[in-house]
Amino acid sequence: MRLDKLPQGRPAYVDRIDWTRMSPSEGQRLREFGVCEGASIELLHRGGLFGGGAVAARVGRMTIAMRAGHASAIEVSTEAAASAVRGTSVQASSQAPSPDSALTA
Amino acid sequence: MSISSLVALVGNPNAGKSALFNALTGARQKLGNYPGVTVERKMGRLPLDDGQVIDIVDLPGTYSLAPNSPDEEVTRNVILGRQPGERLPDALVIVVDAANLDNHLRFALELIALGLPTVVALNMVDLATRDGLELDAVRLAADLGVPVVPTVAVRKRGLDHLRAEVSRLLPSAAVPIRARPQEQDFAALQREAQRIARRAIVSESPSRRLTGAIDKVALHPVLGLALLLGLLFVMFQAVFSWSEVPLALVEGALAAVEDGVAAALPDSVLRDFLVQGIIAGVGAVIVFLPQILILFFFILMLEGTGYMTRAAFLMDGIMARVGLSGRAFIPLLSSFACAVPGIMATRTIADPKDRLTTILIAPLMTCSARLPVYTLIIGAFIPARTVGWGIGLQGLVLFLLYVAGIVGAFVAALALRRSVTKGGGGGFLMELPKYQMPFVRDIALGLWQRAVIFLKRAGSIIFVTTVILWVLLSYPKPPEGSGYSPIKYSAAGRIAGLIEPVLEPIGFNDEIAIALIPAIAAREVAVAALATAYSIEDAGGDEAKVEQSLSDRLSGRWSLPTALAFLAWFVFAPQCISTIAVTRRETNGWKWPTFMIVYLTVTAYIAAGATFWTATALGL
């Protein structure tokens, strides 16, 4: 499921991020916010009264805002969330592919 | 005497760095700029317990040493000793938000690895406790390998401890240590940060309940927008209603000074110069200090509470429609106070095309310097009556002027994005920090700094232009009994006569032409110029006229279409040297400021002309 389609208030985990759908600096900023494969994420708000607005998501203990376009580049799943410990922050994921390829530039 | 040691405060945005800086240095701060860039340099002096006084610099917040904007580049360059005009820090104070350790520790680890003497300030521990987090600072210090001091900047908790740790670090820096930047694997750092953060957390409960509850309303598509509009409405109402009492006090004081000077001095050139030149001119500008401070109070409050980013979130949808990002909302809102800090605030916009567009439209936001002009003309020409539902006509006109600026800015953004600033990403990514109560000291310090800047302007640019203008308006004097108007005969009157043919088709008279020249220095000078011009002109006449207020003088002389055209001109005109100068610095050249002057002047001319002829045709 894509993050922009995730029902509000349902905890999920990041499966995969399509880094090619954003600029290298945007990808870097997302990673700096802690958005990476394996991170716990939750959609909190949709901003667009006039359509096409931003969405707000919780990542770890931070709330971040991004455009729906970027949210749709983030693939999430809720299955893992059901069994995960409630209230924990970002889960380190050892099998997460290194995102450093997008860092160069 | 050797140079004192330099300590740099560094950390993520929203770690409470500036509050810590204010708490450590108090009013012993110096604001400036790094040479060549318009990144604000905040320096302070900090006396340590061992008797030495050190310099402390508050670096712009950043998420990592890989810069994404000019501010972040300054932070990296200072830490690595590469920033022109700044020496290499002898020690770092890394500020981390106790409630957001797993994110902030990654940057902290990156900084610690540089090898500079370092202490970590575990800041806002009180808010972490509010969010249900209990932390073990000793454990954290052991894992990080550097001292960790829990602090609550706004309550000055932990500051003694922090100062002690800093003075312990400094002797070891007798031999300067150069930072060793090293390539570090981002994901590995992140994992390490999360591991250390989890070990430091003794217990936790679900995070940010208060912030979450407020955001349910503040970020709601309908309720949130209603709240935002409500806040903006209250803000602009307050600018007028709260300023009545202080305004009357300032006016009273000025009148007392004027009477005192007039009574103390014999009728002379000096007295004319003091009363008509300096007191009438500078005084006409100083009376707006209360309104400007009220506006800045709201902007500082909105920033300090963390609400400003929510406003950006709500506005992103609308901003995207004109090709801008929600991030542009903060610089544009600041431009309501003054376009100069507004344009400087565009540094947070990463995309260069987005940023340029925002800079170019920022002068269209109604800055506080236009307020004196608007209130003067509205007071003189718009009757103080209601138009139903308790809405005052004067307030309505003022509101419409603000709306005209906003609509103009959006139309300009649309046009610019389709022509000169075509292309670019237009992304929007930002952190929404947790809400907090701004501390009185931080707000008071911010207001004090704004007041000083404003009064310095009044004392320098405005004073000088007023003096020059008074001289130009007073000399040469028409020959006795010649019947010439002293203004028209003066040097200024003759200069204005030259540009008057250009302005005449849009309904402007000689005095407006005279006022527009010094208004290039600063918009509010137009009021001072009109005040000086009319007070000189009337000085020769009967006593009753001299006693008239500027607003009475104007309403007796200008037609309504002229007054409205004058207002329309001020909505669009780019006339402020500071704005043009800051645009030149921010865009690194004369190309864009020149473009800005041309497009805004043409727009202003057309708008004033259209207003004048429409109003004339309607028989107003």
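Analyst: Let's start with a definition: a helix here is a DSSP run of H or I with at least four residues, numbered from the N terminus. Glu165(B) is found in one of these, helix H6 of chain B, which covers residues 159-169. Keep in mind that this is a predicted model.

User: Why is Glu165(B) called buried?

Analyst: Its relative accessible area is 11%. Buried means under 20%, so Glu165(B) qualifies as buried.

User: What does Glu165(B) touch, leaving out residues up to four places away in sequence?

Analyst: Val119(B), Pro147(B) and Val149(B). Contact here means heavy atoms within 4.5 Å.

User: And what makes Phe399(B) partly exposed?

Analyst: Phe399(B) has 48% relative accessibility. Exposed would need over 50% and buried under 20%, so Phe399(B) falls in between and counts as partly exposed. Phe399(B) sits in helix H18 of chain B, residues 393-418.

User: What about the inside: which residues touch the most other members of the largest nonpolar core?

Analyst: That core has 117 residues, and the ones with the most contacts to other members are Ile361(B), Ile377(B), Phe508(B), Leu554(B), Trp558(B), Phe566(B) and Trp569(B). Another core lies apart from it, with 70 residues, among them Val7(B), Ala137(B), Val154(B) and Ile201(B).

User: What is Phe508(B) in contact with, beyond its neighbours within four places in sequence?

Analyst: Its partners include Phe566(B) and Trp569(B), along with Glu500(B), Leu503(B) and Ala608(B).

User: Where is confidence lowest and where is it highest in chain B?

Analyst: It is lowest in helix H24 (residues 543-547), at a mean of 49, and highest in strand S8 (residues 148-150), at 95. Chain B averages a pLDDT of 83, and 92% of the residues score at least 70. Where pLDDT is low, the predicted coordinates should not be read in detail.

User: How many helices and strands does chain A have?

Analyst: Three helices and five strands, in the order β-α-β-β-β-α-β-α along the sequence. Of its 105 residues, 56% count as buried. The accessible surface of chain A comes to about 4,400 Å², and 53% of that belongs to carbon and sulfur atoms.

Technical notes: Residues numbered from 1 in each chain as written. Chains lettered and ligands numbered in written order. Predicted model: local features only at pLDDT ≥ 70, side-chain atom pairs only at ≥ 80, totals over all residues. Heavy atoms only, no water. Helix = DSSP H or I, 4+ residues; strand = E, 2+ residues; numbered from the N terminus. Buried < 20%, exposed > 50% of the residue type's maximum accessible area, 1.4 Å probe, protein only. Areas by Shrake-Rupley, 256 points an atom, 1.4 Å probe, with all protein chains shown as cover. pLDDT = per-residue confidence, 0-100. Core = buried A, V, L, I, M, F, W, Y, C linked by side-chain atoms within 4.5 Å.
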